[in-house]
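Welcome, and please load the model in your viewer. We will start with the chain as a whole and then click through a few residues one by one.

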Amino acid sequence: HQLGMASDVAQDAINTMHAVAASSAIDVAAGTAVFKDAVAASSSMDQGIVEAGGNVLDTADGMSSTMDILPDTSSGILETNGNIDHQLGMASDTAQDAINT
């Protein structure tokens, strides 16, 4: 009877060790999965930061280009207005010459 009890205790101890080992393995696997998710999320965040930085640079570059174009446009408008004034002046001179004639 005593030997039987000792055997049962030993078997219980073995079962407990197996259960602990199994749960530890599950915890390690779960921890590994969480770690992998965190690394993947970090990678996505890094990529997002890089893309955001690129977009900011693109926007700044686009604004610079737009600012460069604006003076050219303004200059073109002034030149066009000047040409119109010149044409009107010539037409006026022609009309005055015709009157004088």
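A helix here is a DSSP run of H or I that covers at least four residues, and helices are numbered from the N terminus. Keep in mind as you look around that this is a predicted model.

**Stop 1: the whole chain**

Show the chain as a cartoon: you will find one helix and zero strands. How far does the C-alpha trace span along its principal axes? The answer is about 145 × 15 × 5 Å. The radius of gyration is 43 Å, whereas a compact globule of 101 residues would have a value near 13 Å.

What share of the 101 residues is buried? Buried residues make up 0% of the chain.

**Stop 2: glycine 31**

Select glycine 31, which sits in helix α1.

**Stop 3: glycine 62**

Next, pick glycine 62, a member of helix α1, whose residues run 2–100. Draw a distance from the C-alpha of glycine 31 to that of glycine 62: the two are 46 Å apart in space and 31 residues apart in sequence. With a relative accessible area of 33%, glycine 62 is partly exposed.

**Stop 4: isoleucine 84**

Move on to isoleucine 84, where you are again in helix α1.

How many residues lie between the positions of isoleucine 84 and valine 39 in sequence terms, and how far apart are they in space? They are 45 residues apart in sequence, with a C-alpha to C-alpha distance of 66 Å.

Definitions and conventions:
Residues numbered from 1 in each chain as written. Predicted model: local features only at pLDDT ≥ 70, side-chain atom pairs only at ≥ 80, totals over all residues. Heavy atoms only, no water. Helix = DSSP H or I, 4+ residues; strand = E, 2+ residues; numbered from the N terminus. Rg over C-alpha atoms; globule rule 2.2 N^0.38 Å. Buried < 20%, exposed > 50% of the residue type's maximum accessible area, 1.4 Å probe, protein only.
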